[in-house]
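Open the model in your viewer and keep the selection tool at hand.

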Amino acid sequence: MSLTQRPVGIGWKREGDNVVGHVVEIRPGGSRSEIVKVIYTLEQAAENAKQLLAAMGGKS
């Protein structure tokens, strides 16, 4: 399987008891298109935040 790299961003927001990430592809010319929506429970979001901070060199 070959990997394709694309410039993307993730916009996060709270929706009820969930944290939702909208993964957006930035296309040539600057237009944006949502390519996937990720839904986490609050507990899952907290665990992912810990992993992100650890990867950045923070404490977990």
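Buried means under 20% relative accessible area, exposed means over 50%, and partly exposed lies in between (1.4 Å probe, protein chains only). This is a predicted model: local features need pLDDT of at least 70, side-chain atom pairs count only at pLDDT 80 or more, and totals for chains, interfaces and linings use all residues. Residues are numbered from 1 along each chain as its sequence is written, and side-chain values use heavy atoms, leaving out hydrogens and water.

**Salt bridges**

Select Lys 50: partly exposed, at 42% relative accessible area. Its salt-bridge partner is Glu 47, with the closest N and O atoms 3.8 Å apart. (A salt bridge is a side-chain nitrogen of Lys or Arg within 4 Å of a carboxyl oxygen of Asp or Glu.) Both residues sit in helix H1 (residues 42-55), 3 residues apart, about one turn of the helix. Helices (H or I, at least four residues) and strands (E, at least two) are DSSP runs, numbered from the N terminus.

Next, pick Glu 25 and Arg 27, bridged at 3.7 Å between the closest N and O atoms. Buried or exposed: which is Glu 25? Glu 25 is buried, at 13%. Arg 27 is partly exposed, at 40%.

**Aromatic pair**

Now show Trp 12 and Tyr 40. Their ring centres are 6.1 Å apart and their planes at 25°, so the pair is stacked (centres within 6.5 Å; planes under 30 degrees stacked, over 60 edge-to-face, the rest tilted). Trp 12 lies in strand E1 (residues 8-15) and Tyr 40 in strand E3 (residues 32-41), so the pair ties together parts 28 residues apart in sequence.

Key: Rings of Phe, Tyr and Trp (its six-membered ring) pair if their centres lie within 6.5 Å; planes under 30 degrees apart count as stacked, over 60 as edge-to-face and the rest as tilted.
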